[in-house]
Amino acid sequence: MIKIALIVGSTRPQRFADVPARWIAQGAAARPDLRLETLDLRDYALPFYREPMSPLASNGVYTDAAAEAWRRKIGEFDGYIATVAEYNHGPTAVLKNALDSAFYEWNRKPIAFVGYGGAGGVRAIEHLRGVAVELQMAPIKAEVNIGMEPFIGMLMQGKAPDDYEHLAKARETMFDQLAWWGNALKAARESLAEAA
């Protein structure tokens with residue numbers, strides 16, 4: 001079993017992120033191969049990145065106590081899922097900042113994305129894929145994209161994510177790929193640690 005962090009990537013008061021976050025957590029609870037913990041960025045008062053040097057120069061240690069606590073928490077997991085709101089064709093500043101507030105802890109671990117908005121968050125996710133690669137993560141191919149029609153259905157018509165068959169299938173495919181990559185990369189990390 002691998003341990004996965006679900007990062008809720010929006011902190012707005014009236015955010016939609018809670019809907020897909022609950023749905024992802026419910027789906028993960030039914031799987032014997034994943035143990036998921038939700039990390040809500042509202043609960044982490046991360047300063048916007050202001051470190052005096054790169055984490056490469058500081059051996060990954062952060063001077064700010066909140067960032068240091070965040071990076072230690074992130075290090076507990078074998079992989080990640082992030083909810084992704086799309087603002088101006090990009091991800092939220094708080095999510096990007098959360099990624100910047102750790103470095104080595106992300107390395108050699110998979111990340112999956114659950115996007116929402118007009119185009120299902122695809123443009124924001126594309127930005128984050130590049131960031132993930134720079135952090136030496138493995139962004140998996142499968143993602144969940146809650147486009148405009150289901151977004152409005154959930155927001156204004158009382159519908160649930162499971163009312164959309166394509167979303168339910170996408171979630172399961174995402175879990176399957178995340179579990180495969182999570183287990184493969186965990187075994188590789190353990191092998192490297194034993195050889196060191």
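Colleague: Buried means under 20% relative accessible area, exposed over 50%, partly exposed in between (1.4 Å probe, protein chains only). What percentage of this chain counts as buried?

Modeller: Of its 196 residues, 52%. One caution: this is a predicted model, where local features need pLDDT of at least 70, side-chain atom pairs count only at pLDDT 80 or more, and totals for chains, interfaces and linings use all residues. Residues are numbered from 1 along each chain as its sequence is written, and side-chain values use heavy atoms, with hydrogens and water left out.

Colleague: OK. How many helices and strands?

Modeller: Six helices and six strands. Along the sequence, the pattern reads β-α-β-α-β-α-β-α-β-β-α-α.

Colleague: What is the radius of gyration, and what would a compact globule have?

Modeller: The chain has 16 Å, which agrees with the value near 16 Å for a compact globule of 196 residues. That radius is taken over C-alpha atoms, and the globule rule is 2.2 Å times the number of residues to the power 0.38. Along the principal axes, the C-alpha atoms fill a box of roughly 50 × 35 × 25 Å.

Colleague: Now the inside. Which residues touch the most other members of the largest nonpolar core?

Modeller: I24, I81, V144, I146 and M174, in a core of 29 residues. A nonpolar core is a set of buried Ala, Val, Leu, Ile, Met, Phe, Trp, Tyr and Cys residues joined through side-chain atoms within 4.5 Å.

Colleague: Which elements supply at least two residues of it?

Modeller: β1, α1 (18–29), β3, β4 (110–116), β6 (144–146), α5 (148–156) and α6 (165–195). The largest share, six residues, comes from α6. There is also a second, separate core of 28 residues, and A5, Y62, W70 and W106 are among them.

Colleague: Why would they group like that?

Modeller: In soluble globular proteins, nonpolar side chains tend to be buried together.

Colleague: Back to I146. What is in contact with it?

Modeller: Skip neighbours within four places in sequence. Then I146 contacts F16, P20, V114, G115, Y116, G117, G120, F151, M154 and L167.

Colleague: And T83, buried or exposed?

Modeller: T83 is buried, at 0% relative accessible area. T83 sits in strand β3. Beyond four places in sequence, T83 touches L6, I7, V8, G9, A17, A21, L95 and V114. The T83 side chain also reaches the backbone nitrogen of G9 at 2.9 Å.

Colleague: L95 is in that list. Which residues of α3 are buried?

Modeller: L95, N97, A98 and L99, in α3 (residues 93–100). Their cover includes β1 (2–8), α2 (65–74), β3 (79–85) and α4 (122–134).

Colleague: Where is I111 found?

Modeller: In strand β4. I111 is buried, at 2% relative accessible area. Leaving aside neighbours within four places, I111 contacts Y80, A132, M137, A138, P139, I140 and L178.

Colleague: Last one. How is H166 classed?

Modeller: Partly exposed, at 46% relative accessibility. H166 is in helix α6. H166 and A5 are 161 residues apart along the chain, and their C-alpha atoms are separated by 24 Å.

Note on methods:
Helices (H or I, at least four residues) and strands (E, at least two) are DSSP runs, numbered from the N terminus. Contact means heavy atoms within 4.5 Å. A polar contact is a pair of N or O atoms within 3.5 Å; within protein, one must be able to donate a hydrogen and the other to accept it, and residues adjacent in sequence count only if both atoms are side-chain atoms.
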